[in-house]
Amino acid sequence: MNPYMAVEAVNTKIVTKQGYLLNKDNWKKLFSFNSVSQLTEFFRNDPEFKIVFKDLSTDEIHRNNLEAFLSKYRTYEIEELLHYFSGHYKSFVQALLIEAEIQDLSLILRKIARDEKLNNIKENFVHSEKYTDLNFDKLLSSRNLLSFTENLKGSLYYNDLRNLTKEDAVKREFHIEMKLQLIFYNNLLKKSEDLCKEDMKIAKDIIGFKIDLENVQWIYRALNYYKISPEEMLIYSINGGRKINYNRLKKLCYIKSNEDFKKTVNSYLKFDFFEELKSKTSNLTIDQHMLKFIKKNKFKGIGTILTYYFLVGIIIYDLTSVTEGIKYNAPKEKILEYLSFKI
Amino acid sequence: MALLQVVGSLEEMHPILKELILCENVHLNSESNNAYSNNLLVHEFESETNVIGTNPYKEVDYDKIYNQCKGDIATLENLCNVLDIHLKKDINVLSSSSYDYQNAREDLQNIISTMGSIADKISLTKKEISELLNIKDKFSGIFNQNLALSKISDLQYFEYEIGALSHDNKWRIKKNYENLSAIVLRIGIIKSSVEDMYIIIYPKQYKDETNNLLKSLSWNELKIPKDIRGTPSEMIGQIDIRVKELNSEIEELTKTLEFDKEEHKYILNKIFNVLIAEEKIIEVQRNVDIGENLFVLNVWAKDKDVKAIEESIGRVTNKFIVTKKSAKELGKQVKPPTKLKNNWFTKPFEIIVKMYGLPSYNEIDPTPFLALTYTLIFGIMFGDIGQGLVYFLAGYALSKKFYDAGQLLMRLGVSSIFFGFIYGSLFGLEQHELPWLPSLVGKVLDPKNIPSILLTGVIVGIVVLTVSYAFGIINALKKGDIEEGVFGKNGAVGYLFFVSLIVSVVCLTGLIKLSVIVPIMTIVVCLVIMVLKEPLTNILMNKKPLIHGDAGSYFTESIFECVETILNALSNAISFIRVGAFALNHAGLFLAFLVMSELTDNMVLKIIILVIGNILILTLEGLIVFIQGLRLQYYEMFSKFFAGDGIEFEPVKLNHK
């Protein structure tokens, strides 16, 4: 028996929630809507989502807002599940909340770097107010990048952001995003070291798979779209992959041709990562592979909450795509193509 | 406590609010109020003062003024920091109404223009010194203090940088070393940091590439001033000389300001007070209801202060109305703040009450009761003349820094000394060891004393629980809650049930000649009444329906509550056995050390063992007794009568964080 995790309670709760979120009848209902306001009303009354949508005042919802509300749902879910954990297990699950915190930090950073006003930014915040160590009010009072980084002093993020210049924030935006992503995964892996042996293995397996996907996406983008050196590509790659270890990452970063890259990636991952990439975004590809991985492996223990966390992320992305589709009157078949979850 | 409604014209809002802040005895009512739209007096004020339409309200950007004010305070503080002037709150300088916020701002600008440049220079020089000391600190962590850095800087095709890198990033760079166009060497450590010092040497032609790489690694470059050169030890020497020079520069600059400083000391403090007053006024203004041309502010004040408040406002205007409604008149619709009133003995115990919560205005303040019972219970559990004296002296020393906590400890110490005389115990030693020691009951661990000490604990418990029930009943009835006050588990019927339970136990022991059937019947009747408390209350109040909601779930809930009441009543009384048990434990613990000391003939060793024993008793056992005492207060007593959801009376005052 694990004294730090109420295993049965978490499993029961998550199985019920998953069953609801993946209920095909609910998804079919979504497709019957013709306007965003109908969709918003649906979320407002939905037994799962209403908790975060109750604060929504307007009927017309922008993509960013919707994504924010749905991400708040993910934060809320983790906050609620945290009641079933204690000790190192609690701090591991709490480390998942950092992803939402990073999302908000990036938002503030982008606005400050572009000299935009920070008014109303709070409504798009998705971090957990209960479990954050950051003083967001203080961060919002930052007048420039220097005071912003100074306000981060003592936090997980300070060392990596302290030398940030305005030019970096505007021209090297993806660098910051990669740095923050590195912080999230490194911290999560570090926290997983404190779990019991069996759970640590499961956690590293799941996180490692996600890291593999993120790394492939990152190097693929860097090779094709960013003009950066292979050394930099390697620095921003995340360590701790399931199939792609450091030496393999290094090899990938120094590959010259696209074809060679794809071939090598597929040989490492043992499946075709690029199968549907031509017609879709790389985010969607990652989600689809992750969903397949979650469905194929029935993880237990800490794996249930970890897979649930990633699953909710995928659902959020899909729901956002449905809203976009409905907003622009896209044919249902077309919207379906852009979903990871196959109805 | 009274709720004051201050009505005045918008034109005079600023001076009125200023007076309210300066009199330091009003508490802002943060609850929403419909004062302006509902109150006849407000309209009366409008017609009497004939201010309608004369000065229409203009929207004021409070945030802008507030930020401006904060900015000015920061500038002033920086200047005074450089001048080494200590700014302090002084209400007297604000009494002159002619010197306002605008005057203060102008004066501040004038002072900044005359002294600002020198002060800025001093501030910059101080900053330079701190940077140099930071470099010195980093250089002192370099392993090879004779590293010839100047030779590297003389290289024609190479450049170098010294800086800090985290272990994680160091690992990243190390693993890909063969592909880097730079040499990376660890040259030292940085104390109290997870980073180490590194030197990076790279060909000049790869400067951009290297810079990008370093940025990705969150490289923290150490910027060395150009005029500092040589080996690290030479650089440290140069830094010391430079810091000395800069310090004398500061001294010189400060001297030139010395004359102005004395002259401006008073005015700077005056400006400071005007600025913090303005800051506070804006904070209060946010709570004001604005009408067409008048304002309404609701504040709480103590009854005896009302006259003084009116007189304060009267000093700046005669066009104002202050209406007063006592907390009693306002009834349940408001939540007045609470100001605890306690005498010199009970006051320090407020910290224990506040840890649980503050009594609401209509609730009985449990502090005197707690002070009395806590001191008594602590003394019974930890009675010793010598150890009590140690606590008393420790409390006295502590009270210099933490007044209330120290005073609290002193009182507990006195109680411990008192019971020390009753038990006849001095640092654990009793009459057997010290025959001259006075004692009332004799040895605590004497078999004939043990049952009476345990029984005393229970009797003390029954008495304090009786008072707790009484408080609970009074509090509930004050709130008009008949259901809880009369029929509830902490109400009159609850108490009757508790007493019956005790009486039945006493009957069973045969101490009183009464059939046990009588108290048991009372218990049953009480339980039935408690189950039916809601319908009984509604019958009494002539209200319908008798049960709100589903009757089935009401009875299920009530029956479970009764089971809980039975268990609680038993555990409540038994819980107080710990009072006696800890008195025995206290003596027993020392006995263990006494026995240990008797095992040796060496006098010094004997004394050492007894001293160690006393230290352990004073620290560990003292702490446990303190916590157990708190547990009895919070769990057994407070839960009967104290909700602790009051708001503290916090008068608006000048303060600046």
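# Chat about a two-chain model

Student: Where does helix 5 of chain B bend?
Tutor: Helix 5 of chain B bends at Met115(B), by about 60°. Here the bend at a residue is the angle between two fitted axes, one for the seven residues ending there and one for the seven starting there. Helices are DSSP runs of H or I with at least four residues, strands are runs of E with at least two, and both are numbered from the N terminus.

Student: Before I go on, what sort of model is this?
Tutor: It's a predicted model, where local features need pLDDT of at least 70 and side-chain atom pairs count only at pLDDT 80 or more, while totals for chains, interfaces and linings use all residues. Residues are numbered from 1 along each chain as its sequence is written, and chains are lettered from A and ligands numbered from 1 in the order in which they are written.

Student: OK, back to helix 5 of chain B. How far apart are its end C-alpha atoms?
Tutor: Only 49 Å, although helix 5 of chain B has 39 residues (101–139). A straight helix would reach 57 Å at 1.5 Å a residue; the expected span is 1.5 Å times one less than the number of residues.

Student: And which residues of that helix are buried?
Tutor: Met115(B) is one of them, and the others in helix 5 of chain B are Tyr101(B), Ala104(B), Leu108(B), Ile111(B), Ala119(B), Ile122(B), Lys138(B) and Phe139(B). Buried means 20 or more other C-beta atoms within 10 Å of the residue's own, exposed means 12 or fewer, and partly exposed is in between, with C-beta atoms placed from the backbone.

Student: What about helix 1 of chain B, mostly covered or mostly uncovered?
Tutor: Mostly covered: seven of the ten residues in helix 1 of chain B (13–22) are buried. Among them are Met13(B), Ile16(B), Lys18(B) and Glu19(B). After helix 1 of chain B comes Glu24(B), with a positive phi near 55°.

Student: Zooming out, how many helices and strands are in each chain?
Tutor: Chain A has 19 helices and zero strands, and chain B has 23 helices and eleven strands. Buried residues account for 38% of the 343 in chain A and 30% of the 657 in chain B.

Student: What does the open sheet of four strands in chain B look like?
Tutor: The strand order is 4-5-3-6 (chain B), with antiparallel pairing. Strand 4 (183–189) and strand 6 (220–221) of chain B are the edges, each pairing on one side only. Two strands pair if DSSP finds at least two bridges between them. Strands 4 and 5 (195–203) of chain B share six bridges, and Leu185(B) stands opposite Ile199(B) of strand 5.

Student: Which helix lies across strand 3, strand 4 and strand 5 of chain B?
Tutor: Helix 7 (167–175) of chain B, running at about 130° to strand 3 (158–166) of chain B.

Student: New topic. How do helix 16 and helix 23 of chain B cross?
Tutor: The axes of helix 16 (450–478) and helix 23 (603–641) of chain B come within 7 Å and cross at roughly 25°. So helix 16 of chain B is roughly parallel to helix 23 of chain B. Angles under 35 degrees count as roughly parallel, over 145 as roughly antiparallel, 65 to 115 as roughly perpendicular and the rest as oblique. Axes are lines fitted to C-alpha atoms, for helices over the stretch in contact, and angles run from 0 to 180 degrees between N-to-C directions.

Student: How many residues of chain A are in contact with chain B?
Tutor: 15 residues of chain A are in contact with 14 residues of chain B. Contact means that the C-beta atoms, placed from the backbone, lie within 7 Å. Helix 14 (230–236) of chain A gives the most to the side of chain A that touches chain B, with six residues.

Student: What does Leu189(A) touch?
Tutor: Leaving out residues up to four places away in sequence, Leu189(A) touches Lys204(A), Ile207(A) and Gly240(A). Leu189(A) sits in helix 12 (173–192) of chain A and is partly exposed, with 19 other C-beta atoms within 10 Å.

Student: Last one: where is Lys270(A), and is it buried or exposed?
Tutor: Lys270(A) is in the loop between helix 16 (258–269) and helix 17 (282–296) of chain A. Lys270(A) is exposed, with 7 other C-beta atoms within 10 Å, and has a positive phi near 65° despite being a residue other than glycine.

Definitions and conventions:
Contact = placed C-beta atoms within 7 Å.
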